[in-house]
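Let's take a walk through a protein together, beginning with the whole chain and ending at a single residue. Keep the 3D view open as you read.

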Amino acid sequence: DVNGIISTKTKLDYESRNNYILNISLSDGNATDYATVFIKVTDVNDNSPVFGTTNTTITILENTPAGTSVTSVSATDADEGFNGLVVYTLKGGEGKMDIDTSGLILLEKVLNREEQGFYNLTVIASDQGRPMLSTALNLTVIIGDVNDNPPVFSSSKYEVSVPEDEMLGRALLTVSATDLDAGANALLKYRIVSQQPSNSSPVFLVNLTTGHLSLSQQLDYESIKQFEIEVEASDGGEPSLSTTTLVVVHVLDVNDNPPEFNQAAYDIFVFENLQKGSPMYTFGVTDKDEVENAQITYYLSAEDGDNPYSIQQDGTILVNGYVDRETKEKYELLLVASDHGVPQRQNFTYVSIQVLDVNDNPPQFTKAQYSANVHVASAKEGASVLSVSATDLDIGNNSVISYSLMNRSDDFRINNHTGEITLSSNLDHITADTVVTLIVIAADHGVPQLTSNVNDINDNAPAFSTMIQTELSVPENAASLDLGVLSATDPDIGVNALISYSLQDDFAGMFHIDSSTGNLMTKKSLDREMTDSYELKIIATDSGKPPRSASLVLNITVEDVNDNPPVFPQKSYSATVKENEPPHVILSAAATDKDIGYNAIIHYTIIGETSSFHVGELSGNITTLQPLDYESHSQYTFILKAFNPGEPSLQDTASITDVDLLFLVTVEDVNEEGPIFDKPSY
């Protein structure tokens, strides 16, 4: 201006033009002078850094090693000097990435896509001017998946119970696995690797994609009761990763098998004299199923309704009624075996029981008496007088009859086979009418031999000897005891003297008597603690018609054996005793013994702490031996033993413990001690 002041007309911009040259003239109207002015524009920090074009979304694999370049950014600043010096900083990345001075972003630590799938980064480009100017660039780093995780099953072991008649193809269970990877690396396929027990063709199938396990062939519990299947899950990665799990299939029994007899039919031979309740035969029946499906119930029946037999549930046929071969010698029975399954299955077989003959019928004469007249004058030795005849309902040797005279006769003899009585002399010694009575005995050839005669009737009952000891003592716990032969006699002869023995009450099979000999035995061990005595009635019955019988009562006392230990009424004892009290009874711990007499005598003793306590050897009373001191001993523990001197010696113990308290003695504190200073003077 007129004053020579140079001023700007517009705002200067260093970045557009950083110097100017001005030519200035000065004139007073007459003379003119010229000058050149050089103007230098000084930079001001008025430009922020500017990033160049770059991809803001970057993908990097998770297994990329540390130190690898993630991406590179570049920013420029139009200013100069410190105003244009660009420095980079990085935000985000959680310590996994960093940026160097050149704008290179580097991987600092190994990535794990399963922990974090992407990172949002902010790169800040700042100049060094005053004030500092900066620009931010947002980047997204996506972590690409690598197949570094194998599939993981939801369980290391699966178990399922399947009935053996399960339908084919229906899902039994579903095995399920997960994979922390993504995409194809997490796409799982299932397959069966192995099966135990192995089979030529697979028993199970697993769906390739769903993991549903199903049957491909029918199960059979009776063949295989359990399968162990190894199932593999593999992903779609390259290379593929896989893992396995164990599937245990428990096959459940279904009642698909009927009972099976070990024979198609049975021919059984039994003697007719079996006592009621006697076992005859035990059937072998099997059922391939188990538990209720294999539990068998038997049914025995006869088509004609005549069935003197019964069957126990162990398959044993018993005589349940009167069996007489002379009445019926063969029984045709139907035996049905049914299981307890649902639905119930059964099988049947035919049982033919042939009754074998026993010599239980004596010969019977066709007449009760025989008579004949003999003329002495014409009698000659060998002449036939008459013939007697007897029959026997038995068969075989049991029905072969021999005849004999009970008393020897000088005048008569009898043919052993035919029963013909003939003269053995000419009777010239008989001078008057004489009646001769002969007793003819007909005897069969059975064992035992049975006889009959024309005169004997069953007019005598059996009788037990008065010498039989009817008061018996027997020890308990013996497996089997022979109590002797308790026989009776019958003065009759033949079948009228044939005696059989039975018990009015055998006390649930505890006693047994031989029906032929009268030998009495125990079948089970006796237990005095259950029953200490028995009154046993023995019945002897002859085979006459009608039969006669007699009875004998035995009183059996069961002797005690030391088979029970003493028992304390409780296993927990406790007592509280005040200190300084004089010795006294603190507790009575009496035990009991189920035995009697000497076997029930109980002795007591203390194990441990015998210096402070005493127990009465026979009473069980526990006493203190001296005053107790709480300050020195506040609790005591010891063992109390109860035993008897029997053979063998049996015992029980009660222990005193501190935690699981069975027997505890606690000493109660008494305020006997005054306060005491630490020092006599201060």
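We begin with a word on the model and then turn to the fold.

This is a predicted model, in which local features need pLDDT of at least 70, side-chain atom pairs count only at pLDDT 80 or more, and totals for chains, interfaces and linings use all residues. Residues are numbered from 1 along each chain as its sequence is written, and side-chain values use heavy atoms, with hydrogens and water left out.

Now look at the overall outline. The C-alpha atoms fill a box of roughly 235 × 95 × 30 Å along the principal axes. The radius of gyration is 59 Å, while a compact globule of 682 residues would have one near 26 Å (taken over C-alpha atoms; the globule rule is 2.2 Å times the number of residues to the power 0.38).

How much of the chain is buried? Of its 682 residues, 38% count as buried, meaning under 20% relative accessible area, with exposed over 50% and partly exposed in between (1.4 Å probe, protein chains only).

Finally, zoom in on T624, which is found in strand β51, residues 621-624. T624 counts as buried because its relative accessibility is 3%. Leaving aside neighbours within four places in sequence, T624 is in contact (heavy atoms within 4.5 Å) with P582, P583, H584, I586, S612 and F613.

Technical notes:
Helix = DSSP H or I, 4+ residues; strand = E, 2+ residues; numbered from the N terminus.
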